Structures are given as structure tokens and as C-alpha cells.
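Thanks for coming, everyone. I have one model to walk through today. Please bring it up on your screens.

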Amino acid sequence: MANKDQPTPLMPHATATWLVDRTGLSFEQIAEFCGIHLLEVQAMADDLAGSKYTGRDPVHAGELTLEEIEKGQKDPEYSLRMHKAPVEVTRTKGPRYTPVSKRQDKPDGIAWILRNHPEVSDAQISKLIGTTRNTIGAIRERSHWNIQNIQPKDPVTLGLCSQRELDAVVAKAAKRAGTDEEAVPVVPSDGPSDRDRLIEELRAERDANVKAAAEAVQEAEAEAWLAARRDAEAADADTPEPSPFEKRPENESPESEEKAD
């Protein structure tokens, strides 16, 4: 069984092949140190799997010392101890690796970023998608050889990057451009918009003007009617009423009035 207290070599099978060929360690010691099964070590010793692996020297890699190997050769029960744990190899520079099956989707992802996030630089797109600036420029200028078949698609949906990586690139580009959308969040409102409020104000102002004009017409008509009435009353006051003692016409007599009655 492998020792759980220490890591395994960086290339366990290649290291096991080298130890089988170059040392007198037991199969159990090699299997335990490399973290592989005993039967795999036996297959390497029987040349059943040795052709598949190129031996890797753990002493040169600093993972094992000659003193440890000598201790193990002298005592088959001795468990080898790793001198220096392998350093995990990470890719820090260069374009992102994209599987061959997804490389044909890169132009679609680039076109989507250019359309929806023009603030993102070519260098950021190149690092995010794993492409070249020449390809980005050709898609932007629509001079790409396959431009007729390129359809903008979300690179996250295409599997070219993660949503977290895309959000980080967009936020960094927006901050550099001074258009950080997070600084002024847009809060949706259930109330009327500015346009609706302006329309309501204009309608209220129009209704108020119509009402004021109607009231002014009514007041003018009322004033004209009152003025006409005053004039009529003044004219009636200037006309005297006839007196009963006024002289009757010569052809009329009191008797004719009685007869008429």
C-alpha cells in the first residue's frame, strides 16, 4: 500500500520503470513509493509494460536520494521516503489550450465578445479564448475567410471559458474604460417611467388650460348679460309712466268707455 503521508512522484509509472531497471528494490517498495499497484510493477519487470514508459530518474529530479535507495536495498521492509515533493507544473503563459473539437467554435465566441463587450481588448480576448490577434482583427473587420458562417455565440455556452473568467475580464475592461456598470446599478422600478410621468404632466397642464379658458368664457358671458340687464333697467327708469289725468282724445268720452265695458 502507498504511504498516504507523502506525495507520489510526478511521473509514477516512468519512475517505477527506472527503479525496476536501475535498482535492487523490491516490487513492494517501488509500488509503495510510486503509489501504483504491485501487479503493475511486476508487469514492468516482466517487460509486459516496460515498452510503454520511458524511465525517469527520481534522483536527478530530486525526489529520491541514493542514500534512500541504498537503505531500501539493504532492508526489503524499509519504506522509501521522498526527499523533495514534485512541483506541480502549471501553464502560466501563452494562449489557453482548447480541445480540437471546440476550436472551430472560437470565431463564434470571439464575434459574441466583440458585439456585446467592445470594451474588452484584443489581448484579453486572446488570453480568454486562446486565439491570436490576427484572427480577432479579421473577425472585427469582417475579412475572416469564414465570416459568412460565423454566428456570435456565448463563449461560456460553447465551453471556451467559464462564466467567472468572462465576468472578470468584462469587469476589468469596464473599470479601465471608466464604464463600470456595477458602480451605478440599475434598479428596476415598478412605477411609471420618466416618459410616462412627462406625458401625464403635459396632459394635466392641457386640461387645466382648457378648463381655465372655459371659465373665462363663462365669466365674460355673465358680465355681458349683467351689463345688458343694467342698461335695460336704466332705460326703463328714464321712461315716465302715463298719468290718469292726462287729456283724453276729443273723440273719446267717459260714456263710451262705460259702454265699451
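Let me start with a question: does H83 count as buried or exposed? H83 counts as exposed, because its relative accessibility is 57%. The cut-offs are these: buried is under 20% relative accessible area, exposed is over 50%, and partly exposed is in between, with a 1.4 Å probe and protein chains only.

Two sentences on ground rules. This is a predicted model, where local features need pLDDT of at least 70 and side-chain atom pairs count only at pLDDT 80 or more, while totals for chains, interfaces and linings use all residues. Residues are numbered from 1 along each chain as its sequence is written, and side-chain values use heavy atoms, with hydrogens and water left out.

Back to H83. H83 sits in the loop between helix 4 (66–74) and helix 5. Set aside the neighbours within four places in sequence, and H83 is in contact with G62, E63, L64 and T65. Contact here means heavy atoms within 4.5 Å. Take G62: H83 and G62 are 21 residues apart in sequence, and their C-alpha atoms are 6.6 Å apart in space.

Now the overall picture. The protein has 11 helices and 0 strands. Helices are DSSP runs of H or I with at least four residues, strands are runs of E with at least two, and numbering goes from the N terminus. The protein has 261 residues, and 26% of them count as buried. Its accessible surface comes to about 19600 Å², and 51% of that belongs to carbon and sulfur atoms. That area comes from the Shrake-Rupley method with a 1.4 Å probe; for residues, only the protein chains shown count as cover. Look at contacts between residues at least 6 apart in sequence: 62% join residues at least 24 apart.

Next, helix packing. On the geometry: axes are lines fitted to C-alpha atoms, for helices over the stretch in contact, and angles run from 0 to 180 degrees between N-to-C directions. Under 35 degrees counts as roughly parallel, over 145 as roughly antiparallel, 65 to 115 as roughly perpendicular, and the rest as oblique.

The crossing of helix 2 and helix 3 is right-handed. Who makes the contact? On helix 2, F27, E28, I30 and A31; on helix 3, L38, V41, Q42 and A45. By class, that contact has 6 nonpolar, 1 polar and 1 charged residues. For the classes, Ala, Val, Leu, Ile, Met, Phe, Trp, Tyr, Cys and Pro are nonpolar, Asp, Glu, Lys and Arg are charged, and the others, Gly among them, are polar.

Helix 3 also packs against helix 1 (residues 12–22), at about 55 degrees, with the axes 10 Å apart. Helix 1 and helix 3 are therefore oblique to each other. Their crossing is right-handed. From helix 1, H13, A16, T17 and V20 meet E40, V41, M44 and A45 of helix 3. The classes here are 5 nonpolar, 2 polar and 1 charged.

Move along to helix 5 (residues 106–116) and helix 7 (residues 133–140). Their angle is about 65 degrees, and their axes are 10 Å apart. The crossing of helix 5 and helix 7 is right-handed. P107, I110, A111 and L114 of helix 5 contact T135, I136, I139 and R140 of helix 7. That contact has 6 nonpolar, 1 polar and 1 charged residues.

Which residues of helix 7 are buried? I136, G137, A138 and I139 are. Their cover includes helix 5 and helix 6 (122–130).

Just after helix 7 comes R142, with a positive phi of about 60 degrees. Most residues other than glycine have a negative phi. R142 lies in the loop between helix 7 and helix 8 (155–158). At 59% relative accessibility, R142 counts as exposed.

K175 is exposed, with a relative accessible area of 67%. K175 and E119 are 56 residues apart in sequence, and 9.7 Å apart in space, C-alpha to C-alpha.

Note on methods: Left-handed = near helix turned anticlockwise from the far one by under 90°.
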